[in-house]
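This text walks through two features of a protein model. Please keep the sequence and the structure in view while reading.

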Amino acid sequence: GQDRRHATLAGTGALARLALRRDRVMLPAWVYILTALVAGTAYSFRKLYPTQAGRAEFAVTAGHNPALLSFYGPLYGHSLGSLTAWRYGALAAAGAALMSVFLVVRHTRGDEETGRLELVGSTPVGRHAALTAALATAAAANVLMAVLMSAALIALRLPAAGSIALASAIACCGLAFTGIAAAGAQLTQTGRGARGLAIVALGAAYLLRAAGDSAPAAGPRWLSWLSPVGWAELIRAFGAVRWWTLALPAALAVAATAAAAVLAARRDYDAGMLPQRPGPPRAAAFLASPFALAWRLQRGTLLAWTAGALVYGVIIGGAAKGIGGLLSSPEIRRIMARLGGTAALTDSYLAAVMGISGLIVAGYAVAAVLRLRAEETAGRADAVLATGAGRAGWGLSHLAIAVGGTVLILAVTGLGAGLGYGYRPAGGGSKVAALLGAALVQAPAALVIAGLAMALVGLAPRAAAAGSWAVLGAAALLLLLGSALSLSHWILDASPFTHLPKLPGGQVSAAPLAWLAGLALALALAGLAGLRRRD
């Protein structure tokens, strides 16, 4: 009984403290960004729609736009709280899920894959200690986020009940995917596979929610009830709150966690429950180079990003058709013009969302570059560098995938936006070309972030992951909230995305693009030089 349970959990507290110490930078960054986005949105809506009539007009228009319904979900009311929950409720729930997935997999399957848990297991540590510590760390992060988010929304004079309901729903979605990630870590043999399973589950949940929310009255709206992301909306924060919906993600979290515990007790160390497919006895001739190996390692991620970019582009292009009705507020018209650099509201909207698209794709670029560091810390780079491959060539192979992938994803986003806006052979093709150019013009700024990641990998490898994601997070806050908060242009100019031409509709200047491309190249070369010289 009790002694046996104590033995299997021995050392959990020490491992949890170690996990918190290892995540002392990334965990606060996740919590801060998610909290700031939700609180900043509430503050922005207060400035953009100060009157009840303006909010009601916005709610009517947004509630009848299928593209916006699929992307953000339905609006339950037109109060400031309801608008905030609509704008970032589902997105923040997905962000909390991603945070939980990365935390759990890192401290379970990730540590097992690198051999850290083998060292820990040689000490008086119970079989379930590492899993329990990872779950406790992720749960603590979600609870902390819920407390801070509730406090921030209440401080902005939103109703306390609605604030707590929204924050709790977002945190409970994170808890549900804490259990899903823990189960995935027992099924696969690699951390990448475990993250992939959990992220596929998150993508399916988001698609179910999107299909249910955008369905007509007689359609399959019940699909939203099958999604943990949809549950974060169906609580109806700031409306007639359905507190009982919190039991759904809680039950899923408990069931998935119990399944993970059972699987962990039945599998061998460093093994997964799913059978591993053996590779061919001999490698293909085209794999005999660092670039070919980098492509083999990163192609799955790139293809997934490309498919997602096409869907995202179609959605934002479709939403542009009815954007005029959403921009009834003079304040939001002014801010959209500042973001988009043009008086045409549709072009302003498209320019603004293209800027956000560039920021999102910069996340792919950072992840692709940081694959270098992951290969190095896992010891797999040693096998590559033991051959005739040089360090610069090895680093350049992954950097080339990051650069080419960034351009490809942006191009697909622009193409999808053009198709979603409405392709017509008689004149519609010009909008496709315009939106393709508007997406591709984001590449220099995204590559500056990737160049910085490369510089950190080469010059300060231990700070590479934290530094790269922190810079990207700061750029996101400046882009999303800078104009709404009327920040000084000296602060806004710190982001490379501020210096891009605002397309479609704006004027193109080659000088800032050339400066950004030169800065990205200089940072990348500095990283490659550092990679050649350091241990």
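Helix α19 contains leucine 436; helices (H or I, at least four residues) are DSSP runs numbered from the N terminus. The model is predicted, so local features need pLDDT of at least 70 and side-chain atom pairs count only at pLDDT 80 or more, while totals for chains, interfaces and linings use all residues. Residues are numbered from 1 along each chain as its sequence is written, and side-chain values use heavy atoms, with hydrogens and water left out.

Leucine 436 counts as partly exposed because its relative accessibility is 30%; buried means under 20% relative accessible area, exposed over 50%, and partly exposed in between (1.4 Å probe, protein chains only).

Leucine 436 also belongs to a nonpolar surface patch of about 550 Å², together with Leu310, Val314, Val403, Val407, Leu415, Leu419 and Leu440. Areas come from the Shrake-Rupley method with a 1.4 Å probe. Two or more patch residues come from each of α13 (290-319), α18 (391-422) and α19 (428-440). The most, 4 residues, come from α18.

The second largest pocket holds about 350 Å³ of space. A pocket is an open set of points on a 1 Å grid where a 1.4 Å probe fits, with protein on both sides within 12 Å along at least five of seven lines; lining residues have an atom within 4 Å of a point. Among the 16 lining residues, Glu112, Leu117, Arg127, Ala130 and Tyr269 are closest to the centre of this pocket. Helix α7 gives the most to the lining, with 3 residues.

Terms used
Patch = residues over 30% accessible without salt bridge, like charges linked within 9 Å, V, L, I, M, F, W, Y side chains within 5 Å. Salt bridge = Lys/Arg side-chain N within 4 Å of Asp/Glu carboxyl O. Points joined across faces, edges and corners; volume = space filled by probe spheres on them.
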